[in-house]
Amino acid sequence: MSSVLDQRPVPAAAGPRPAAMRRRPRVLALPEARWALVSLALFLLALPVYLAGGPSWLWGVLFAATYITGGWESGWEVLKALKAKTLDVDLLMVVASLGAAAIGQVLDGALLIVIFATSGALEAVATARTADSVRGLLDLAPTTAARLLTDGGEETIPAEELKVGDTVLVRPGERVGADGQVVEGASDVGQATITGEPLPVAKQAGDEVFAGTVNGTGALRVRVERDPADSVIARIVKMVEEASETKAPTQLFIEKIEQRYSIGMVLGTLAVFAIPLAFGDELSSALLRAMTFMIVASPCAVVLSTMPPLLSAIANAGRHGVLAKSAVVMERLGQVDMSARKHVMHVLADSKSEKMRERALRFVRSMPCPECHGSGLRPEALAVTFAGRSIAEVNVMPLTEVAALLRPVAERSEADATTSTARSGETTEVAVRICADLVARVAVLLDLGLGYLSLGRRSTTLSPGEAQRLRIATQLRSGLFGVVYVLDEPSAGLHPADAEPLLEVLERLKKAGNSLFVVEHDMDVVRRADWVVDIGPGAGEGGGRVL
């Protein structure tokens, strides 16, 4: 029976897969932005006519159109607020603009309308882009999935129609259609969109996979464990949308005092108008003073300085791949007292993310330390020397040079006494014994052809052959016997001239009462074996042929 993994049936009714929808909205698609743009255009047309002393009927019509196009939404909000027996800043803006027109300051009133309409448009655009950044996560999940049938076939269905218990086939390069568990197959899955891990993660039977992650080079059969509406991506979107409805402390404070502020400004305007009028002031003068007070007290600047900047910051962060949970988060960022230098040092010292460390290193200039010269040792440690060499200098020397440095002390026939007045302890009995032991240990490594290694060489940079010969040297010095050693190509990476010392070391292991099994391709090593077993192709089914 043919494998489903190798066949891709084409459904008769299936059309081409739709491309991911471009979710970023156009600015002019928002009615607030269109009305604000029309209002601004009319204002710019009326302004030069008004300043140049043009016909009053012309700039009057243009300013009136500015009032209508830019202020009708605020006027509608005022009517709804009055119907609900409340007052808000929209009322102050509308009254201030109409009051300015009433006292002959048509330009000031129109400018106030344009500013307020523009602020509303900016807030609408920022809100739409913020919501778009969140909903764009849904595009990560595929629109269709290949569900496996009980008869061995498959069918392509919309991903939202998958049910818990269904088994889907995810071919190489495809996105996983739903959260589930791998039941068959092995592959590397890139799940950076969910977990932020920069490298693909190996997946095999029993491992969990998430909707929207990208499959690597292997095919996977995945059993659906969660409803598509309850996938990790869907839950992230839901949580961020719920959190985005929260309000920043500044906005909460403004909304808290908005009602009281509006009532206070209305009463203050009436007082500024009525009190001078009661004491005999002229009507036009009192009205001018009251409307001037209303315009000055208009909270336009306060409105512009609260939510629109925060929403713009959230939208900008979303376009750069950062999802801010709410305006509260963005406002708190302004209260962060950590400097850039402190943050970089914190990342380098504490972060376990290799990607974050790479980013932080771009802002760091690397240079040797003037005290330790890049060795990482304290001055106290660097003050300890042997034969005029510091620990840092010995650490980078090849083992052949280390042996040459220690040998004069190790071969001393007489050791000096240890006294507190001695200028150096290099010739004392303790130093002689330590050096003799070190020279003997290094000699084994030299016999194994590892004299080019340094003490500071990292073990992770060693080749398999080098690491294996180091382990041989350790066992040889341990003095153990009756041990069975299994070695895999100990001559790997070894210069032909060093093969003979290696064989001598192996012979010493045997003479110590140990048994050696060596997998080897070097014929010089094979010839020295007591028994040779052919385990290559066609060696038979009985475990190999003794040659």
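This is a guided tour of a predicted model, stop by stop.

**Whole chain**

The secondary structure comes to 20 helices and 15 strands. Now colour by burial. Of the 547 residues in the chain, 34% are buried. Contacts between residues at least 6 apart in sequence are worth a look too: 63% of them join residues at least 24 apart.

**The six-stranded sheet**

Select β2, β1, β3, β9, β4 and β7. In that order, these six strands form an open sheet, and the pairing is antiparallel. Which strands stand at the edges? They are β2 (154–158) and β7 (208–209). Each has a single partner strand, so one side of each has no neighbour in the sheet.

Strands of a sheet pair through backbone hydrogen bonds, either parallel or antiparallel. Go through some of the pairs here.

- Select β1, residues 144–148, with β2. Five bridges join the two strands in the antiparallel sense. Show Thr144 and look across: Pro158 of β2 stands opposite.
- Move to β4, residues 180–184, and β9, residues 220–224. This antiparallel pair has four bridges. Pick Val182; its bridge partner in β9 is Val222.
- Gln181 has Glu208 of β7 as its bridge partner.

Select β5, residues 187–190, and show side chains. In a regular strand the side chains alternate between the two faces of the sheet. Which residues of β5 point to one face and are buried? Ser187 and Val189 do.

β5 and β6 run antiparallel, joined by three bridges. Ser187 has Lys203 of β6 opposite.

**Helices α12 and α13**

Two packed helices are described by the angle between their axes and the distance between the axes. Select α12, residues 340–350, and α13, residues 354–361. Their axes lie 9 Å apart, at an angle of about 140°. Angles over 145 degrees would count as roughly antiparallel. α12 and α13 are therefore oblique to each other. The crossing is left-handed. Show the side chains at the contact. From α12, pick Val344, Val347, Leu348 and Ala349. From α13, pick Met356, Arg357, Ala360 and Leu361.

**A positive phi at Ala387**

Next, zoom to the loop between β10 (385–386) and β11 (389–390); Ala387 is there. Most residues other than glycine have a negative phi. Ala387 has a positive phi of about 55°, although it is not a glycine. Is Ala387 buried, partly exposed or exposed? Its relative accessible area is 43%, so Ala387 is partly exposed.

**The largest nonpolar core**

In soluble globular proteins, nonpolar side chains tend to be buried together. Here the largest nonpolar core has 21 residues. Select Leu448, Ile472, Leu487, Leu506, Leu509 and Leu516, the members that touch the most others. Then colour the elements that give two or more residues to this core: α16 (399–410), α17 (429–447), α18 (464–478), β12 (484–488) and α19 (499–511). Which element gives the most? α19 does, with five residues.

Centre on Leu506. Leaving aside neighbours within four places in sequence, Leu506 is in contact with Ile472, Leu487 and Leu516.

**Helices α18 and α19**

Finish with α18 and α19. Their axes come within 10 Å and cross at roughly 40°. That angle makes α18 oblique to α19. α18 passes α19 in a left-handed crossing. On the α18 side, Arg469, Ile472 and Leu476 make the contact. On the α19 side, look for Leu502, Val505, Leu506, Arg508 and Leu509. Ile472, Leu506 and Leu509 are also among the core members that touch the most others.

Technical notes
Residues are numbered from 1 along each chain as its sequence is written. This is a predicted model: local features need pLDDT of at least 70, side-chain atom pairs count only at pLDDT 80 or more; totals for chains, interfaces and linings use all residues. Side-chain values use heavy atoms; hydrogens and water are left out. Buried means under 20% relative accessible area, exposed over 50%, partly exposed in between (1.4 Å probe, protein chains only). Two strands pair if DSSP finds at least two bridges between them. A nonpolar core is a set of buried Ala, Val, Leu, Ile, Met, Phe, Trp, Tyr and Cys residues joined through side-chain atoms within 4.5 Å. Contact means heavy atoms within 4.5 Å. Axes are lines fitted to C-alpha atoms, for helices over the stretch in contact, and angles run from 0 to 180 degrees between N-to-C directions. Angles under 35 degrees count as roughly parallel, over 145 as roughly antiparallel, 65 to 115 as roughly perpendicular and the rest as oblique. A crossing is left-handed if the near helix is turned anticlockwise from the far one by less than a right angle, and right-handed if clockwise.
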